[in-house]
Amino acid sequence: FSLFVLLTAFTCENEALDSDLTNQEFDTNDSSISVVGSWMLLNMSADVNSETNFQGTEFVSQSSIEINNSNYVLVFDESSYTVSGDYEATVSSTFDNETTSYTDSYTNVEGLGTYFTNGNVMTVDGTFIEFDFEGMPMELDQGEQTVEYSLSADGQTLTFNQDEVQNTNEG
């Protein structure tokens with residue numbers, strides 16, 4: 001049995017190129033609000049907690065990921081998105097009371113995916129962020145994910161929040 005809890009916050013700001021929206025007021029509960037446009041990543045953090053019970057032994061791990069020093073752009077069109085740019089990721093992981101932390105730089109990162117919205121919920125199929133952990137490539141928001149999103153009152157800040165629990169049975 002495995003339990004995974006993922007808490008993610010991903011905040012973007014509309015680029016100056018999309019300044020048509022600057023002086024408009026937005027009803028943040030309006031499900032017809034479009035996210036189409038270019039968005040600069042302001043910050044991203046994720047906490048992943050894992051509890052695994054294998055043959056009567058429980059294993060608990062906790063990880064956190066912070067994106068720093070980013071020049072990362074998320075571009076939405078009507079049904080797909082692309083990501084590109086550079087960022088630094090700081091990963092801290094605790095397993096068996098031992099913590100490992102490191103920071104890696106990622107340059108010329110590119111990705112794409114598809115999405116659709118229903119109210120303030122977006123379903124995404126693809127990857128927003130990727131990083132390595134102890135030499136193994138990892139991806140956040142890989143595959144189909146459902147995430148709540150919101151726009152600031154002026155329509156210039158897009159925030160994603162995800163709180164997910166996954167249960168799996170280990171044979």
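This section describes the fold, confidence, core and selected residues of a predicted model.

The protein has ten strands and zero helices. From the N terminus on, the order of elements is therefore β-β-β-β-β-β-β-β-β-β under the DSSP assignment. The chain holds 171 residues, and 36% of them count as buried. Among contacts with a separation of 6 or more, 62% join residues 24 or more positions apart. The accessible surface comes to about 9,700 Å². Carbon and sulfur atoms account for 44% of that surface.

The mean pLDDT is 75, and 68% of the residues reach 70 or more. Among the elements, strand S4 has the highest mean pLDDT, at 91. Strand S1, residues 2–14, has the lowest, at 49. Over residues 1–8 the pLDDT is below 50. Where pLDDT is low, predicted coordinates should not be read in detail.

The largest nonpolar core has 28 residues. Phe-76, Met-122, Phe-128 and Phe-160 touch the most other members. Strands S2 (37–54), S3 (57–76), S4 (80–95), S5 (98–118), S6 (121–126), S9 (144–151) and S10 (157–168) each give two or more residues to this core. Met-122 illustrates the packing. Leaving out residues up to four places away in sequence, Met-122 touches Val-35, Phe-76, Tyr-115, Phe-116, Thr-117, Gln-145, Thr-146, Val-147, Tyr-149 and Phe-160. Two of these partners, Phe-76 and Phe-160, are named with Met-122 among the core members that touch the most others.

The C-alpha atoms of Leu-41 and Gly-85 are separated by 9.7 Å, although the two residues are 44 apart along the chain. Phe-54 also lies in strand S2. At 39% relative accessibility, Phe-54 counts as partly exposed. Phe-54, Phe-59 and Phe-95 make a nonpolar surface patch of about 280 Å².

Two loops were then considered. Asn-120 sits in the loop between S5 and S6. This residue is partly exposed, because its relative accessible area of 39% falls between the 20% and 50% limits. Beyond its neighbours within four places in sequence, Asn-120 is in contact with Val-147, Glu-148 and Tyr-149. Asn-120 and Ser-150 are 30 residues apart in sequence. Their C-alpha atoms are 6.4 Å apart in space.

The loop between S4 and S5 contains Asp-96 and Asn-97. Most residues other than glycine have a negative phi. Asp-96, not a glycine, has a positive phi of about 55°. Phi of Asn-97 is also positive, near 60°. Asp-96 has a relative accessible area of 65% and is exposed. Asn-97 is likewise exposed, at 78% relative accessibility. Both residues are classed as exposed because their values are over 50%.

Note on methods:
Residues numbered from 1 in each chain as written. Predicted model: local features only at pLDDT ≥ 70, side-chain atom pairs only at ≥ 80, totals over all residues. Heavy atoms only, no water. Helix = DSSP H or I, 4+ residues; strand = E, 2+ residues; numbered from the N terminus. Buried < 20%, exposed > 50% of the residue type's maximum accessible area, 1.4 Å probe, protein only. Contact = heavy atoms within 4.5 Å. Areas by Shrake-Rupley, 256 points an atom, 1.4 Å probe, with all protein chains shown as cover. Core = buried A, V, L, I, M, F, W, Y, C linked by side-chain atoms within 4.5 Å. Patch = residues over 30% accessible without salt bridge, like charges linked within 9 Å, V, L, I, M, F, W, Y side chains within 5 Å. Salt bridge = Lys/Arg side-chain N within 4 Å of Asp/Glu carboxyl O. pLDDT = per-residue confidence, 0-100.
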